[in-house]
Amino acid sequence: MSLKIVYFPIPARAEPIRLSLTLGGIAFEDERIKGEEWGKKLKGEVAPKQLPLMYIGDKVVGQGGALAKYAAKISKFEGKPLYPEDALLALEVDEFIDYVGEMFSAIGTSFKIEDQKEKEAYRLKLVSPGGDVHKWLSYIDSLLGKSKSGFAVGDRLTLADVFAFCQIQPLKSGFLDGIPVTCIDEFKNIQAHKEMMASIPAVKAYYAVPKMPVYKVYQ
């Protein structure tokens with residue numbers, strides 16, 4: 001069955017989907033469209049016209065979280081699916097992903113600010129001590145610090161690791177105005193987790209040639 005992901009040419013909501021499929025060795029078409037193409041191309045296909053979308057054979061499915069879980073369920077790494085079949089372990093993976101999502105949502109509020117200086121000041125406050133993003137990064141860092149295996153959940157690679165890697169590292173890319181590239185330097189467990197992920201051969205190969213500057217944070 002053919003798979004195609006449609007999203008903008010950035011990591012964001014589509015990257016956990018892309019990387020999960022890559023780790024599972026599953027072929028997919030990666031269609032990256034520009035903002036101006038969005039409304040024209042997708043009009044009528046999905047009610048809210050939101051990306052990412054996945055074309056699974058003749059089906060079109062939306063919602064990034066659902067697509068990431070689907071990709072992780074069909075993708076096996078070292079013989080085991082990235083989304084656990086065990087219900088309790090799957091719950092722990094979902095919990096961790098939701099913590100990362102809280103951080104991501106906190107950043108999302110800044111896009112509603114139209115004034116550039118106000119937006120940058122707001123984002124700087126978010127990632128500074130006491131800010132919402134900083135609080136979530138601190139908590140995620142503490143969870144990773146408690147891990148005996150180095151993985152986010154359990155003793156093997158799961159979708160939780162993929163989300164931590166894909167969603168946190170772009171914060172230091174300089175892509176978002178107002179967020180310093182040093183914003184995650186203090187979180188040593190997050191940094192150690194990143195190095196572990198980046199050293200996986202399939203990950204290393206996938207990001208060997210950055211598709212745009214923001215992707216260098218995955219190397």
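## The second largest pocket

Six nonpolar, four polar and four charged residues make up the lining of the second largest pocket. (Ala, Val, Leu, Ile, Met, Phe, Trp, Tyr, Cys and Pro count as nonpolar, Asp, Glu, Lys and Arg as charged, and the others, Gly among them, as polar.) H4 supplies the largest share of that lining, six residues; helices here are DSSP runs of H or I with at least four residues, strands are E runs of at least two, and both are numbered from the N terminus.

A pocket is an open set of points on a 1 Å grid over the protein atoms alone where a 1.4 Å probe fits, with protein on both sides within 12 Å along at least five of seven lines, and lining residues have an atom within 4 Å of a point.

## About the model

This is a predicted model: local features need pLDDT of at least 70 and side-chain atom pairs pLDDT 80 or more, while totals for chains, interfaces and linings use all residues. Residues are numbered from 1 along each chain as its sequence is written, and side-chain values use heavy atoms, leaving out hydrogens and water.

## The largest pocket

The largest pocket holds about 570 Å³, a volume being the space filled by probe spheres set on grid points joined across faces, edges and corners. Its lining has 22 residues, and Tyr-7, Ile-10, Ala-12, Phe-104 and Phe-111 lie nearest the centre. By type, that's 16 nonpolar, five polar and one charged. Helix H4 (residues 87-108) gives the most here, with five residues.

## A pair of strands

Tyr-7 also stands opposite Arg-32 in S2.

Conventions: Two strands pair if DSSP finds at least two bridges between them.
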